[in-house]
Amino acid sequence: MDGAAALPAHDATSRVGRLETIFELAPVGIGIVDLEGRTTMTNDLLRRSLGFTADEFAAMTFTEFTHPDDAAANLELFEQMVDGELDQFSMDKRFIGKDGQMVWAELTVSLVRNRAGAPDYAIGMTQDITARKRLERELRTAEEGYRLLVERVPAVVYAAEPGAAGRWDYVSPQIAGMLGFTADEWLAEPDLWNRQLDPRDRAAVLDHERRVIRSGSTNESTDTYRLRHRNGTTVWVRDDAMLLWDAEGRAVFHGVLVDVTREKQLEERLAHEVLHDSLTGLPNRKLFRDRVGHALTAAARSGEAVAVLFIDLDGFKTINDTFGHAAGDEVIVAAARRLQTCARAGDTAARLGGDEFAVLVENLTPAQAMALGDRILAVLRDTPVEFGGRTATVGASIGIAVAGAGETTETLLRNADLAMYQAKAEGRGRLALYTPGMHDEVVNRFRLESSLHAVAVATAAISLDYQPIADLGSGVVVGIEATVRWSDPAFGELPRNELIAAAEHSGVLAGVGSEMFRRACTAFVAWRSAVGQDAYLSFAVSPQQVEHALFATAVRGIIDDHGLEPAGLVIGVADGLELAEGGLGALDDLRAMGVRIAIEGFGTARSSLDCLRRLPADMVKIDGSFLEQGASHDPALLRAIVQLVRSLDLVAIGDGVETLDQLAELRAASCDLGRGPLFGVGAIELIPATIPVLRTTGATGRT
């Protein structure tokens with residue numbers, strides 16, 4: 001034989017036996033497949049794995065125990081091999097066992113040719129990979145679930161090297177929603193993260209990374225910083241990460257970026273609200289005090305002046321009580337805006353609470369501070385505030401304190417507050433500059449108010465004096481003015497203005513005013529009946545009384561109780577009085593009843609002419625200061641005032657007439673009526689129907 005001697009028969013048999021044993025015991029499934037696709041010979045592992053017998057395999061083509069989804073591909077490869085196009089092919093294939101169960105196998109098929117080189121049969125070998133495929137499927141499912149979780153959570157998951165130019169291995173698609181860059185763009189530019197870091201945070205963030213790396217081992221890291229969105233807006237992120245080292249010893253941060261912009265904005269808003277008034281947005285008392293302290297510290301070094309203007313709205317309580325808190329809030333907001341228009345760029349305008357405001361000004365002289373106060377009064381007063389379809393004029397009282405050497409925040413604010421109360425005591429709608437004596441005045445006022453509250457009302461120590469109001473031409477008594485008086489052992493005789501102010505502050509004004517008004521009406525009705533005189537009763541009221549919601553109703557009740565016709569009553573209100581809509585409405589209601597309104601002390605307030613325009617008046621009582629003799633005395637001015645009043649169809653009353661010369665001056669000015677000590681003062685029953693001094697007065701004004 002060619003090439004080698006023929007093996008002995010027993011050696012050939014032995015060799016075939018060994019091959020059969022190897023075939024049967026092979027750790028892979030083996031099948032001999034003819035060119036028509038039938039498995040004519042199989043080993044034990046293949047039969048056991050699929051459950052078919054050798055005869056069953058020989059009777060079927062391989063497509064019959066192949067999964068339908070893999071049959072076409074398997075058949076195509078087999079046909080290519082039979083056609084001689086392939087000598088071998090491999091594929092992962094699903095077999096269907098006799099029991100219907102699927103078996104995954106790694107199939108390798110090799111073509112065997114005959115001596116002529118033509119395809120003869122094929123040998124197929126299978127390696128069961130069912131467990132591996134199940135693990136792959138489970139891993140794929142887990143990976144898909146993880147990816148789904150990562151890509152659905154409202155955060156950006158990432159893996160990145162540390163440092164400004166560290167490479168990013170992975171970033172989830174949420175980066176587009178958070179910062180406007182796609183994941184591909186982010187990964188393509190390693191320094192993009194560093195470029196988008198807010199410059200204010202960059203150094204601190206990179207330093208934080210270095211500290212984490214230096215600490216060694218596995219470290220958790222949390223940092224909060226700002227990144228810039230692609231559109232230029234700022235995004236606050238919280239970066240929670242863990243530092244890990246890969247197999248090559250490379251440090252990688254695995255982390256999550258969470259958008260915390262809303263939380264940061266809330267923190268900033270809460271921090272703002274701690275130091276700002278929620279209604280107006282102005283600095284509150286806490287922040288204002290802090291800025292005053294800083295200003296005083298700076299002034300101690302620079303020598304510049306520091307002043308505080310303390311502003312209290314006049315009549316605000318009446319608006320709040322009459323129209324409700326919503327209307328009150330609108331007035332407060334409008335006042336705050338107007339206040340801000342008056343303040344300079346470096347000034348601090350604040351709302352201290354309720355209807356109290358303050359302005360901190362620096363490098364301003366007292367005169368300039370007073371000018372600023374006048375501007376604030378004008379801006380508040382000149383344009384009525386609209387609220388809920390209504391309007392009201394908003395007045396204010398302003399106290400100004402300029403810091404002295406060694407001044408503290410407490411004393412400066414206290415002094416401005418004291419000055420404000422002084423302005424309010426002078427008739428509202430005014431401003432006052434603090435002077436050292438104001439503190440003593442306030443202490444005395446407090447003692448006075450305490451005494452008034454504890455003693456005066458309880459013991460009826462308040463009395464009424466009456467002065468006649470005479471027609472300067474005929475001498476006829478046309479009216480009686482009731483004046484409230486109180487003589488205290490500690491304070492002596494108290495002027496009416498001080499008494500009313502003390503009653504307002506002590507909270508007893510409503511009771512005192514109502515009781516005194518009733519007593520005056522009772523005495524007046526008795527006097528008029530006794531003398532048979534048709535005269536009126538004049539009774540001055542305070543702003544607090546006028547602005548009370550039930551003032552007009554209470555006056556009507558007292559008139560009815562005493563059988564007094566409305567024309568027999570004149571209500572006096574102070575010149576320059578700033579009244580809210582409720583107070584003006586009360587005066588309108590009284591005039592509609594027939595009650596007359598007189599402006600008291602005309603000519604002394606800054607806003608006298610404006611008062612003529614705003615208040616619904618019938619009479620004007622010209623202040624007695626215009627009759628006082630002295631260097632500033634000017635009869636021409638008195639005549640001009642009388643003519644102004646009469647040109648408005650108002651009755652002019654000269655107040656404070658003490659001498660015959662003053663009487664003559666009023667007559668020369670064509671003043672209608674007069675009141676003063678010259679005509680008598682005391683009990684109402686002693687007042688005659690006519691004034692003798694007027695009946696005996698000659699043309700020269702002297703008896």
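User: What kind of model is it, and which cut-offs apply?
Analyst: It's a predicted model, where local features need pLDDT of at least 70 and side-chain atom pairs count only at pLDDT 80 or more, while totals for chains, interfaces and linings use all residues. Residues are numbered from 1 along each chain as its sequence is written, and side-chain values use heavy atoms, with hydrogens and water left out.

User: OK, how many helices and strands does the protein have?
Analyst: There are 25 helices and 26 strands. Both are DSSP runs numbered from the N terminus: helices are H or I with at least four residues, strands are E with at least two.

User: And how much of it is buried?
Analyst: Buried residues are 46% of the 703 in the protein. Buried means under 20% relative accessible area, exposed over 50%, and partly exposed in between (1.4 Å probe, protein chains only).

User: Let's do sheets. In what order do the strands around E9 come?
Analyst: The order is E7-E6-E10-E9-E8, an open sheet of five strands with antiparallel pairing. Two strands pair if DSSP finds at least two bridges between them.

User: Why is one side of E7 and of E8 left without a neighbour?
Analyst: Strand E7 (168-171) and strand E8 (219-228) are at the edges and each has a single partner strand, so one side of each lacks a neighbour in the sheet. On average, neighbouring strands here are turned by 20° against each other, direction ignored. Axes are lines fitted to C-alpha atoms, for helices over the stretch in contact, and angles run from 0 to 180 degrees between N-to-C directions.

User: How many bridges join E9 to E10?
Analyst: Nine bridges link E9 (residues 234-245) with E10 (residues 251-259), and the two run antiparallel. Within that pairing, Met-242 sits opposite His-254 in E10.

User: Which helices pack on this sheet?
Analyst: Helix H9 (residues 199-214) does, touching E8, E9 and E10, with its direction at about 165° to that of E8. Helix H10 (residues 261-275) also packs there and touches E8, E9 and E10, but its direction makes about 125° with that of E9. Contact means heavy atoms within 4.5 Å.

User: What about the sheet with E1 in it?
Analyst: That one is an open sheet of five strands too, ordered E2-E1-E5-E4-E3 with antiparallel pairing. Its twist averages 30° from one strand to the next. E1 (residues 29-33) and E5 (residues 119-128) pair over five bridges, and Val-33 stands opposite Ala-122 in E5.

User: Switching topic: at what angle do H12 and H13 pack?
Analyst: About 145°, with the axes of H12 (residues 316-323) and H13 (residues 325-342) 6 Å apart. The residues in contact include Phe-316 and Phe-323 of H12, and Val-331 and Ile-332 of H13. By class, that contact has six nonpolar, three polar and no charged residues. Ala, Val, Leu, Ile, Met, Phe, Trp, Tyr, Cys and Pro count as nonpolar, Asp, Glu, Lys and Arg as charged, and the others, Gly among them, as polar.

User: Is Glu-600 buried or exposed?
Analyst: Glu-600 counts as buried because its relative accessibility is 15%. Glu-600 belongs to strand E23 (residues 596-602).

User: In which sense do E23 and E24 pair?
Analyst: Parallel, over three bridges, with Phe-602 opposite Ile-622 in E24. E24 also pairs in the parallel sense with E25 (residues 651-655), over four bridges.

User: Which residues cover the two faces of E24 as buried ones?
Analyst: In E24 (residues 619-622), Met-619 and Lys-621 are on one side and Val-620 and Ile-622 on the other, all buried, and both faces are covered.
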